[in-house]
Amino acid sequence: AGFDLKDPTLLHHQCLINGQWRDAISGEQLEVTNPASGAVLTSVAYAGADETQQAIDAAAAALPDWRALTARSRAAILRRWFELMLQHKDDLARIMTLEQGKPLAEASGEIVYAASYLEWYAEEAKRLYGEIIPSPAKDRRLMVLRQPVGVCAAITPWNFPAAMITRKVGPALAAGCTMVVKPSELTPLSALALGELALRAGVPPGVFNLVVGEAASIGKTLTDSPVVRKLSFTGSTGVGRKLMAQSAPTIKKLSLELGGNAPFIVFDDADLDAAVAGAVASKYRNAGQTCVCTNRFLVQAGVYDAFAAKLTQAVQALKVGNGLEAGVEQGPLINKEAVNKVSALLEDACSQGAKIVLGGKPHPLGGLWFSPTVVTDVTDTMRLFSEEIFGPVSSLIRFETEEQAISLANDTIFGLASYLYSRDAARIWRVSEALEYGMVGINTGLISTEVAPFGGIKQSGQGREGSHHGLDDYTELKYLAWAN
Ligand code: ADP
């Protein structure tokens with residue numbers, strides 16, 4: 001009820017295993033709620049270990065035929081899936097906003113972004129080149145083949161309910177792997193709609209499976225299985241550590257896209273208006289709930305007050321509300337724990353001398369809304385400095401020298417995204433090289449694209465998604481020494 005879709009058959013409530021929609025064996029159901037109202041949208045199957053094992057078996061059975069298709073045939077199917085996503089963009093965006101809360105325009109943007117991974121890897125599928133190595137001996141020829149890893153698993157989060165799936169499934173299927181995906185239990189409907197479109201695109205049974213349900217037992221079944229050769233996970237560093245440990249006994253290949261603590265460095269010579277625009281885009285997108293959202297604004301003393309004033313003015317103008325309403329720029333947070341965490345981080349900062357310039361508390365709308373917030377005088381002893389906020393809070397830290405900025409920026413266990421604003425080419429080069437991060441946005445707050453390698457270093461994870469490098473993570477090298 002209330003979904004109001006042009007194509008209601010996009011809504012599914014069961015797991016997708018071996019090309020069939022299946023209930024949980026136990027018959028258990030899970031309620032899916034709308035974070036904007038708390039209302040129950042619908043219920044979906046709540047599966048566990050047994051259904052996961054069925055999905056692994058299906059993926060293993062489907063592997064030989066899928067792997068044996070020509071790259072061109074796999075590419076054609078991925079391409080159809082991409083086109084179907086665009087055709088159904090409006091419905092997919094609506095489903096996402098209803099279960100996740102992000103503004104409809106952002107949801108729509110995510111569908112286009114998510115689809116772009118299917119398009120890109122449909123193209124890359126055809127370019128999985130091997131190599132011939134000049135031989136050190138006359139009697140032999142040396143060659144390298146690139147073969148699919150095999151059955152892969154993916155565990156994905158709620159903040160990008162569509163893109164985090166296609167970013168893994170696109171390269172996996174392109175390479176000739178089959179996959180079992182466990183989407184977040186908070187946003188299963190977006191995942192299941194992708195499953196429906198995969199079937200319509202002609203993805204064969206067992207090649208792409210979706211198991212919705214109890215996270216720990218599904219995760220354990222996936223990691224324990226020797227048939228599953230690789231796990232790709234996007235989520236918190238804590239769960240990532242656990243899955244990495246669980247994957248040790250079977251020596252699984254891993255791609256981990258974990259938490260971040262992105263610095264956004266504004267130097268005295270920056271274009272301040274551009275920096276403020278970039279700051280708002282990087283911080284308040286998805287209400288601050290992305291792993292590349294700015295977590296710490298490091299601002300040089302000469303422009304600190306001016307930047308704080310301009311940023312506050314821009315943030316004050318953000319329209320907060322239900323993501324389905326026109327013009328809304330910030331929706332609710334995902335759940336009560338998220339609201340509580342943001343409040344606790346701000347309390348900690350204020351008790352140590354930080355100043356709230358704007359917001360700082362739950363929004364008058366109530367529910368799961370939090371007011372867009374700006375805090376100044378943040379220091380490195382506060383939790384805001386070291387923990388991922390995942391909420392609409394800009395925390396400003398003052399610095400004097402370039403060395404100090406680099407040292408503050410790198411003073412974290414994380415290393416995902418970073419940003420810097422400057423007009424001095426030499427400084428941009430120096431600082432970009434010194435930042436211990438997988439990605440650096442220079443004079444921009446938006447860096448994600450399917451054509452570039454997304455990923456982190458340090459405890460933000462390993463592996464890269466997107467670009468031609470993203471395909472490498474789903475292939476194994478096989479060396480052939482061919483003697484005459
Ligand atoms: P987030 O902060 O994005 O919610 P999580 O790491 O909690 O990050 O969740 C990301 C994904 O990991 C979700 O699909 C969630 O269900 C899953 N997950 C959480 N705990 C476990 C676990 N113990 N084993 C496997 N998956 C898990």
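1. Helices (H or I, at least four residues) and strands (E, at least two) are DSSP runs here, numbered from the N terminus. The structure is a predicted model, in which local features need pLDDT of at least 70 and side-chain atom pairs count only at pLDDT 80 or more, whereas totals for chains, interfaces and linings use all residues. Residues are numbered from 1 along each chain as its sequence is written.

2. Gly359 is placed in the loop between β14 (355-358) and β15 (373-376). Gly359 counts as buried because it has 23 C-beta neighbours inside 10 Å; the class requires 20 or more other C-beta atoms within 10 Å, against 12 or fewer for exposed and values in between for partly exposed, with C-beta atoms placed from the backbone. Leaving aside residues up to four places away in sequence, Gly359 touches Ser371, Pro372, Thr373 and Val374 (contact: C-beta atoms, placed from the backbone, within 7 Å). The C-alpha atoms of Gly359 and Ala314 are separated by 13 Å, the two residues being 45 residues apart along the chain.

3. An unreviewed UniProt entry annotates residues 21-479 as "domain: Aldehyde dehydrogenase"; UniProt positions follow the numbering used here, feature names are shortened, and annotations may be inferred rather than shown by experiment. Over residues 21-479 the chain is 42% helix and 20% strand, and the end C-alpha atoms lie 40 Å apart.

4. The unreviewed UniProt entry also places the feature "active site" at Glu257. Glu257 belongs to strand β11 (residues 253-257) and is buried, with 27 other C-beta atoms within 10 Å. Beyond residues up to four places away in sequence, Glu257 touches Phe233, Thr234, Cys291, Gly455, Gly461 and Glu465.

5. Which residues does Gly455 touch, not counting those up to four places away in sequence? They are Glu257, Gly438, Gly461, Gly463, Arg464 and Glu465. Gly455 sits in the loop between β18 (439-442) and β19 (461-462), and it counts as buried with 24 C-beta neighbours inside 10 Å. Glu185 is 270 residues apart from Gly455 along the chain, and their C-alpha atoms are separated by 24 Å.

6. Helices α4 (residues 104-124) and α5 (residues 163-175) pack at an angle of about 10 degrees with their axes 8 Å apart; axes are lines fitted to C-alpha atoms, for helices over the stretch in contact, and angles run from 0 to 180 degrees between N-to-C directions. α4 and α5 are therefore roughly parallel to each other (under 35 degrees; over 145 is roughly antiparallel, 65 to 115 roughly perpendicular and the rest oblique). Among the contact residues are Tyr113, Tyr117 and Trp120 of α4 and Arg167 and Pro171 of α5. The residues of this contact divide into 11 nonpolar, two polar and three charged, where Ala, Val, Leu, Ile, Met, Phe, Trp, Tyr, Cys and Pro are nonpolar, Asp, Glu, Lys and Arg charged, and the others, Gly among them, polar.

7. In helix α13 (residues 402-410), Ala405, Ile406 and Ala409 are buried. They lie on the same side of α13, because they cover an arc of only 95 degrees around the axis, taken from the directions from the helix axis to the C-beta atoms. The buried residues of α13 pack against β12 (262-266), β13 (294-300), β16 (393-399), β17 (417-421) and α14 (425-434).

8. Most residues other than glycine have a negative phi. Phe390, not a glycine, has a positive phi of about 55 degrees; Phe390 is found in the loop between α12 (383-386) and β16 and is buried, with 24 other C-beta atoms within 10 Å. Ser467, also not a glycine, has a positive phi of about 65 degrees. Ser467 is in helix α15 (residues 467-472) and, with 18 C-beta neighbours inside 10 Å, counts as partly exposed.

Key
Two residues are in contact if their C-beta atoms, placed from the backbone, lie within 7 Å.
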